[in-house]
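Try each task first, then compare your steps with the solution.

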Protein chains: 2
Amino acid sequence: MPDPVIIGTVALDSIETPFGKVKDALGGSATYASLAASFFSKPGILSVIGKDFPKEDIAFLNKRGIDTAGISLGDKTFRWQGFYEFDMNEAKTLRTELNALEFYKVSVPEHYKDAKYIFLANIDPELQLEAINRIKNPELIVMDTMNFWIEHKKKQLLKTIKKADILVLNDSEARQLFETPNLVKAANKALKMVSKAVIIKKGEHGALLFTGKKHFSAPGYPLENIKDPTGCGDTFGGALIGYIAKTKDADEKNLRKAIVYGSILASYNAEGFGPERLKSVSHGDIEKRYNEFREMREF
Amino acid sequence: MPDPVIIGTVALDSIETPFGKVKDALGGSATYASLAASFFSKPGILSVIGKDFPKEDIAFLNKRGIDTAGISLGDKTFRWQGFYEFDMNEAKTLRTELNALEFYKVSVPEHYKDAKYIFLANIDPELQLEAINRIKNPELIVMDTMNFWIEHKKKQLLKTIKKADILVLNDSEARQLFETPNLVKAANKALKMVSKAVIIKKGEHGALLFTGKKHFSAPGYPLENIKDPTGCGDTFGGALIGYIAKTKDADEKNLRKAIVYGSILASYNAEGFGPERLKSVSHGDIEKRYNEFREMREF
């Protein structure tokens, strides 16, 4: 049985940054999230691809212990084309081809249904809700989203958020969704909708955890050479749910560790194009950076 | 003998934020910095005011143990009028009256000249350099600056930076001055110019310390109610130099503590208009928040 179950997109990305470019690279929120989760546990993907999707990419995911039985087959794979300017802060979209994603109906394999941990990676909130409803008795639902759904499907998004235990979103999305420039106020509003915690990702500035009682601030890793930030948010969320699924512990104290692992995997991901760097990261690399995280916040 | 010696502006500020306003309030970089430093040591100010400057403000500074013998008397006090919009990120200047500051010549009282610690708060870099030259044998020079000098006096600014041991600047200034969006790269460039360290202030996101070998990331304090961020950067620098002067220790390990004290005083300062909140902060308040800083970065 795969655990966590991750619903999100599997895509072919064409990306250009000031440091290079890549065409039709393996991408999508579920891809990055499951790759990151695979360092800690055995995730299963819920998504859709087309007949054009490279067989070797599926083989690669399987080799990483990722269950792909929950990936439906449609006509053509979802494609995204985008670029980053010199400051690397924000992806600019050139083209989005929904393709098979437009007609995707969530179909959950029987052996997924007893999973205890769910990660709702970035995808239509109605599909996220569908996934929740098909898992029998989940212990923890972690949900990510993005500005597109805040702008175009806010009502459905809020409905799904109310089913989540932990909401993960980035700082600009938190300000936008909860209509306040103050992140503490945004977090307090979010905490009224979810059962457990809110995690705000701040890119190079790290991440914040709010549980209502406690506050945790994870530093950002000081990266000198960022090649491509695509998928860093998904990688963060995937490592987080992967670590929680491995330790079977979603208490505040363990969430802090999960956030640090999320930050570490995301920092590695930014060092290569697409998920390239994630392919070569070792457990030793992860532990090395974990110690650096400890050291750099000591006083 | 006052130590640290702080050169900067003493001003009358008129400020408006979405949460209130204040007219002709005690302000200026040397004011905020010396008030913050006074929690740890006995600072002396180098600056200029006019005949219109309220006597009770001088009396207040003296009562806090701040030496004002180095404040020259000109015709009219420097005035700044500005406002903040809802996101409170950036001060918008409505009016700047240099007044006496335009004709200020640095004049250093004899009993200041043996001071060991100097803080060059935000003021014309030529005046900062003047101050350095008049102190006999300083042990540590910490320098702050702002975008205005980067834009208008870059050459003189770089000349002064080369005399500093520690450069303190905010993230947008670091990117601007060193012409890179990457803060690690900016810090590495800065480290080639100063003898000891670079500290990058990131507002709500905390502060970073770079020494070439080590990296420290101080979290931001999660403030729900920011009333007026005026002077937070100066407060940060003042508490930093005050704590270093008290402990007579500028090693990397102690710099981390100094940065946390800087962050704490700055976080309190943002809770009131002008330096109002700094007037009521107690040592107990400072230690309380110090423990919160420890707790919120633990994992």
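In which helix is A:Ser29 found? A:Ser29 is found in helix H1 (residues 29-37) of chain A, where helices (H or I, at least four residues) and strands (E, at least two) are DSSP runs numbered from the N terminus.

A word on conventions before we go on. This is a predicted model, in which local features need pLDDT of at least 70 and side-chain atom pairs count only at pLDDT 80 or more, while totals for chains, interfaces and linings use all residues. Residues are numbered from 1 along each chain as its sequence is written, chains are lettered from A and ligands numbered from 1 in the order in which they are written, and side-chain values use heavy atoms, with hydrogens and water left out.

**Exercise 1. Describe the surroundings of A:Ser29.**

Step 1: look at accessibility. A:Ser29 has 4% relative accessibility and therefore counts as buried; buried means under 20% relative accessible area, exposed over 50% and partly exposed in between, with a 1.4 Å probe and protein chains only.

Step 2: list the neighbours. Leaving aside residues up to four places away in sequence, A:Ser29 touches A:Gly8, A:Thr9, A:Ala121, A:Asn122 and A:Asp234. Contact here means heavy atoms within 4.5 Å.

**Exercise 2. Find out how chain B is laid on chain A.**

Step 1: Two copies of a chain are related by a rotation about an axis and a shift along it.

Step 2: The copies are superposed by least squares on the C-alpha atoms of residues with pLDDT of at least 70 in both.

Step 3: The same surface serves both copies, as 100% of the contact residues of chain B recur in chain A.

Step 4: locate the axis. Among the residues of chain B, B:His205 comes closest to the rotation axis, with its C-alpha at 3.1 Å.

**Exercise 3. Characterise the packing of H8(A) and H9(A).**

Step 1: take the geometry. Helix H8 (residues 232-247) and helix H9 (residues 252-269) of chain A pack at an angle of about 140°, their axes 7 Å apart. Axes are lines fitted to C-alpha atoms, for helices over the stretch in contact, and angles run from 0 to 180 degrees between N-to-C directions.

Step 2: name the arrangement. That angle makes H8(A) oblique to H9(A): angles under 35 degrees count as roughly parallel, over 145 as roughly antiparallel, 65 to 115 as roughly perpendicular and the rest as oblique.

Step 3: H8(A) and H9(A) have a right-handed crossing; a crossing is left-handed if the near helix is turned anticlockwise from the far one by less than a right angle, and right-handed if clockwise.

Step 4: sort the contact by class. The contact of H8(A) with H9(A) has 12 nonpolar, six polar and one charged residues. Ala, Val, Leu, Ile, Met, Phe, Trp, Tyr, Cys and Pro count as nonpolar, Asp, Glu, Lys and Arg as charged, and the others, Gly among them, as polar.

Step 5: zoom in on one residue. A:Asn269, in helix H9 of chain A, is buried at 0% relative accessibility. Its contacts include A:Tyr32, A:Cys232, A:Thr235 and A:Arg277.

**Exercise 4. Repeat the analysis for H3(B) and H5(B).**

Step 1: helix H3 (residues 125-134) and helix H5 (residues 154-161) of chain B pack at about 25°, with axes 8 Å apart.

Step 2: H3(B) and H5(B) are therefore roughly parallel to each other, and H3(B) passes H5(B) in a left-handed crossing.

Step 3: on the H3(B) side, the contact residues include B:Leu129 and B:Ile132, and on the H5(B) side they include B:Leu157 and B:Thr160. By class there are four nonpolar, three polar and two charged residues in this contact.
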